Amino acid sequence: MAEAILTRLLESQLYQANTLLVSEPQTSRREFLAQTYGVNVTDSNQETLQATEALLLAIKPQILDKVISQLTLDGVENYPLVLSILAGTPLSRLETAFENFPVIRVMPNTPATVGVGMTAIAAGTRVKPSHLTLATSLFEAVGEVVEVPESLMDGVTGLSGSGPAFVALMIEALSDGGVASGLPRAIANKLAIQTVLGTATLVKDTGLHPGQLKDQVTSPGGTTIAGVAKLEEKGFRSAVIEAVKAAYRRSQDLGK
Ligand SMILES: NC(=O)C1=CN([C@@H]2O[C@H](COP(=O)(O)OP(=O)(O)OC[C@H]3O[C@@H](n4cnc5c(N)ncnc54)[C@H](OP(=O)(O)O)[C@@H]3O)[C@@H](O)[C@H]2O)C=CC1
Ligand SMILES: O=C(O)[C@@H]1CCC=N1
C-alpha cells in the first residue's frame with residue numbers, strides 16, 4: 001500500500017523523490033525502491049522520526065507494538081504529522097505511542113495505485129487545520145478523500161478498504177460466467193472489467209440510485225431479470241453485506 005501511495009505522490013509531482021525517506025527492513029526491497037523511484041532509503045525506523053512534514057505509518061497492525069518499542073522519542077524536536085493507514089488501530093493508541101505528534105488515521109485503498117483510490121481520514125486530538133489540509137492534498141493525489149469521525153473508520157475499512165477485493169471477486173466471477181457460457185477467457189475478462197467500470201462510472205456520473213439503474217437494464221420477461229432472480233435466490237446481496245460486516249468486525253478486532 002505504501003508503494004502505491006509513493007508512486008502516485010511522485011507521479012503527481014507533489015513530492016520530489018530526493019525529499020522522501022522510506023524505511024524498509026529488507027535490503028533487496030530497499031535497493032529496489034531506491035533504484036526504481038530514486039527515494040532515500042533506510043533500515044532505521046528511528047530516522048523517519050526526523051521527517052520535517054509527514055510520517056506515513058504503513059506497517060501491519062500486528063507489528064505496531066514491536067516497531068514502537070524500538071523507537072526512542074526522546075530528543076525529537078520537530079513533530080511531523082503521523083499518518084497511520086493501519087487497519088483497526090485507534091487514534092488513542094497511536095497518540096499514546098507517538099506522544100506530542102499530531103496523528104491522523106487514514107484508510108486508503110489499492111485503486112490509489114492508479115489514482116482512483118478512496119481514502120477516509122479521521123483527525124486526532126493534536127491535529128490542526130494545516131495538518132488536515134496536508135493529509136487531504138496528499139491523498140487527493142491518489143484519488144478522492146472524505147473526512148469522517150473516527151467511530152466510522154472500521155466501517156470504512158470494511159467497505160472501501162477491503163472492497164477492492166470484493167469487487168475483484170465479482171469481476172472474476174462475471175468472467176467465469178462468461179467462460180461458462182462459451183466466451184474465450186480474454187474476451188470474458190475484457191467484458192467483465194469494462195462492465196464493472198462502466199456501471200460504476202454511470203452510477204457516479206448520473207447520480208442514479210443503483211436500484212434505478214438495475215430497473216433500466218431489466219426488460220420485462222428478459223435476460224437480466226432472469227439473472228437478477230438467480231442472484232437473489234443465491235443470496236448475492238446478503239453475501240456482499242455480510243462480507244462488508246465481517247471486514248468491519250475484523251477491523252474492530254484488530255484494534256483490541
Ligand atoms: N493492502 C490494502 O489494500 C490496504 C492496507 N492497509 C494497511 O496498510 C498496512 C500495510 O498493509 P499492506 O501494504 O497490505 O502490507 P505489506 O505487507 O505489503 O506492507 C507492510 C510493509 O511493512 C514493512 N515492514 C515489515 N516490518 C517492518 C518494520 N519492522 N519496520 C518497517 N517496515 C516494516 C514490510 O516490509 P517487507 O515487505 O520487506 O517485509 C512491508 O513493506 C496495514 O496496516 C494495512 O492494514 C490499509 C488500506 C488498504
Ligand atoms: O486486509 C486488510 O487488513 C487491509 C486493510 C484494508 C484492506 N486491506
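Colleague: Into how many nonpolar, polar and charged residues does the shell around ligand 1 divide?

Modeller: This is a predicted model, in which local features need pLDDT of at least 70 and side-chain atom pairs count only at pLDDT 80 or more, while totals for chains, interfaces and linings use all residues. Residues are numbered from 1 along each chain as its sequence is written, and chains are lettered from A and ligands numbered from 1 in the order in which they are written. Ala, Val, Leu, Ile, Met, Phe, Trp, Tyr, Cys and Pro count as nonpolar, Asp, Glu, Lys and Arg as charged, and the others, Gly among them, as polar. On that division, the shell around ligand 1 holds twelve nonpolar, six polar and three charged residues.

Colleague: Which residues come nearest to ligand 1?

Modeller: A residue is taken as near a molecule if its C-beta atom, placed from the backbone, lies within 6 Å of it. Of the 21 residues around ligand 1, those that come nearest are Met1, Gln26, Ile59, Leu86 and Ala87.

Colleague: Which residues are around ligand 2?

Modeller: By class, the shell of ligand 2 has one nonpolar, three polar and no charged residues. The residues in question are Ala87, Thr157, Gly161 and Ser162.

Colleague: Which residues have the most contacts inside the largest nonpolar core?

Modeller: A nonpolar core is a set of buried Ala, Val, Leu, Ile, Met, Phe, Trp, Tyr and Cys residues joined through C-beta atoms within 7 Å, where buried means that 20 or more other C-beta atoms lie within 10 Å of a residue's own, exposed that 12 or fewer do, and partly exposed that the count falls in between. The largest such core has 35 residues, and those with the most contacts inside it are Val82, Leu83, Ile104, Val106, Ile121, Ala135 and Phe139.

Colleague: With which residues is Ala135 in contact, leaving aside its neighbours within four places in sequence?

Modeller: Helix H6 (129–140), strand E4 (81–84), strand E5 (103–107) and strand E6 (117–123) are among the elements that each supply at least two residues of the core, helices (H or I, at least four residues) and strands (E, at least two) being DSSP runs numbered from the N terminus. Beyond those sequence neighbours, the contacts of Ala135 are Leu81, Leu83, Ile104, Val106 and Ile121.

Colleague: Why does Asn45 count as partly exposed?

Modeller: UniProt, in an unreviewed entry, lists Asn45 under "binding site", although such annotations may be inferred rather than shown by experiment. Asn45 is found in helix H3 (residues 45–48) and, leaving aside neighbours within four places in sequence, is in contact with Ser23, Val67, Gln70 and Leu71. Asn45 counts as partly exposed because its C-beta neighbours inside 10 Å number 17.

Colleague: Is Gly207 buried or exposed?

Modeller: Gly207 has its place in the loop between helix H9 (185–206) and helix H10 (210–217). Because 7 other C-beta atoms lie within 10 Å, Gly207 is exposed.

Note on methods
Contact = placed C-beta atoms within 7 Å.
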